[in-house]
Amino acid sequence: MKNLKYYRDRYVRRQPSAFCPGCGGGIILNCFVRAIDDLGLDKDKILAVSGIGCSAWIPSPNFNGDTLHTTHGRAIAFATGAKTFNPELTTVVFVGDGDGAGIGGNHLIHAARRNIDLTVILVNNMSYAMTGGQIAPTTLHGETTVTSPYGNPESPFDITQLVRAAGASYVAKWSTYHVVELTRSIKEAIEHKGFSFIEVLSQCPTQQRRIFNLRGPVDSLPPRILDMFSESTVVKDRPEKGGYVYAVPKTSSEETLKQVKAMDDVEARIVDHMIHGRVVRVDTKLPDMVCGKLLELGSVSDVKDHLEEKIELGVFEKKTRPEFTDALREIIRKARCD
Amino acid sequence: MLEPGRHLTLGNVACAEGALRAGCRFFAGYPITPASEISHHIAAEIPKVGGLYVQMEDEIASIASVIGASWAGAKAMTATSGPGFSLMQENIGYAHMTETPLVLVNVQRSGPSTGQATDPSQQDIMQARYGSHGDYEVIAVTPWSVQEMFDLTVRAFNLAETYRTPVMLMADGVVGHMKEKLTVPEKVDVVDRRKPTSREDTPWGTDDPSGVPPMPAFGEGYALLVTGSTHRPDGVRNYAPEYHQMIVYRTRDKILNAEPKIRDIHREHLDDARVAVLSFGASARPSYDAVVKAREQGVKAGLFRLRTLWPLPENEIRALADQVDAILVVEMNVGKLVKEVERVVCGKAKVASLAKVGGVLPLGREVLEEVRRLA
């Protein structure tokens, strides 16, 4: 078992972290360095490219290897030049959701179409966090941000499905709660020949406090948001144990909790859910029967099935098709034979 | 590639040929008239020398991938025209901030916007100088012939490598789309970027009087921090005023101090001239024609042609103003360079403008008329 010092000494430039307390960026850096360490890669042959935004600071200057910290949205295009010219470079691109799917969305889909051998990690905190938490192409409908004070009129991209449709040959989605799965996916993505893409839902205590209307002390937020990611997601092809529903309170979740706890054969607690908000999770062996009873409680406005509106995580694509840097080398061979 | 010797060829093809001989091994393109033939020729020829042609999704991506390739060790290039040039501006600033050698060809067309899409102009010369945000110093060269599309492309690469900076070849639709004689030399002189000799060398600062730090490539074990953010000499992001001042002044001075070496002026009949025609690129062709005709008519006219437009050879222009009575600035725009010339000349000689828009060259007789009026 390697300790944190081992990873820090080998892979992290020593300096104070620029991240807000509780940021998901550190978790993703941690997963990245563990992945490259597990793979036994030569650090001198790894290039970490990033754009502009909080995600860009994960590798630059933290990663103690070659880094290319570029302009907003363009990281994948910069990486395309470096990787095509020197395919020996294991090239990992860190982009944000605004960075990668907003201003840089065109580069993202075209890199997927080319199936160029890059690994793109898209850090999705569901807002433009560094600039103050404005609406991003990933912000959920109706959510409150500084530029959607009356609720977001837009709806988000499903980025993984977008990139998959554009032709990416490895596509996965995780959250910062799922560190083991994420580390494994980064390893698979780096080893995969072709365009590999991992979306990571990441916590931003600074901006998601407003977006998800999370009340309470700031230092309670990071674990709460991680729990929220766990509560709001379901892992593809993994059996979901079920046996619970969510009671959506009319007003106070505390009042609903009190009423639910008075019922027989249930366990209840307040949880944060990305879609349903602050709700009472009701664990029971008899969900169907409990549903009806919950709706009869005066404080409950709605009851949601445990899988309703959960975000699916997992590996969505793993296939082989012609890769761009190889195709370019094939062109050189052809041209020289003519 | 064309064999050494004489050919009748297109300016854009000559540019591509020059690039390949200068060592260009990465080219990113996006289709645009009147620059596309550069891409066509490169796409066909660059793989034969082991290089890569990549067609990107837009011009923003083209210049971005060129910068990425340059840091991976390539001599890299892109070519475009006005609309694409506008899209590239942000990353041109990035290339200046990161001191990335590259060559950017702008075969200028008539704008603003789509304008006269296929027709020539010289309207982007100030955009070349000031187009990106922030303070930086550019090198821009301006060919007037098919031969110079070759020669100045080679020089653009050598300047980029020498000074570790983006260099612009500001061509125009006339020289890009013109066919005339090109002599391909047996051998061209090629400069390569200075590499560091030890891990202690930083690419972000230098004691060398040139002000040009050495440049390693990705994958060579330097744990490079390449960033468009203000950075310390070790590359780490730091927004302190002194670090920003260090970067802005050193990258400016490395160009300005080398101006006498970068300077490239073509002079004709200036020894006893009373009227100088100052021009560049295609508009220098009717200017030269007018100078020759004026001489035939007994008017002491001469040509002062800028083959390097930026940095402007201010001392040479001042010396010219000391010598002649009048300077006529001929350009294919609404009158841009003339303002720079007025600033530099500062009243020492009369400065007149012959500026033409509309996607057409000034005519030799129009220039001659002005020269005679000034004589």
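In chain A, helix H5 (residues 105-114) and helix H6 (residues 159-166) have axes that come within 7 Å and cross at roughly 45 degrees. This is a predicted model, where local features need pLDDT of at least 70 and side-chain atom pairs count only at pLDDT 80 or more, while totals for chains, interfaces and linings use all residues. Residues are numbered from 1 along each chain as its sequence is written, and chains are lettered from A and ligands numbered from 1 in the order in which they are written.

On terms: helices (H or I, at least four residues) and strands (E, at least two) are DSSP runs, numbered from the N terminus. Axes are lines fitted to C-alpha atoms, for helices over the stretch in contact, with angles from 0 to 180 degrees between N-to-C directions.

H5(A) and H6(A) are therefore oblique to each other; under 35 degrees counts as roughly parallel, over 145 as roughly antiparallel, 65 to 115 as roughly perpendicular and the rest as oblique.

Which residues of H5(A) meet H6(A)? They are A:Leu108, A:Ile109, A:Ala112 and A:Arg113, and they meet A:Leu162, A:Val163 and A:Ala166. Contact here requires C-beta atoms, placed from the backbone, within 7 Å.

Now the two chains. Chain B puts 38 residues into their contact and chain A 34 residues. On the side of chain B that touches chain A, H3(B) gives the largest share, nine residues.

Strand E2 (residues 66-69) of chain A runs parallel to E10(B), joined by three bridges; strands pair if DSSP finds at least two bridges between them. A:His69 stands opposite B:Thr227 in E10(B).

Notes: Contact = placed C-beta atoms within 7 Å.
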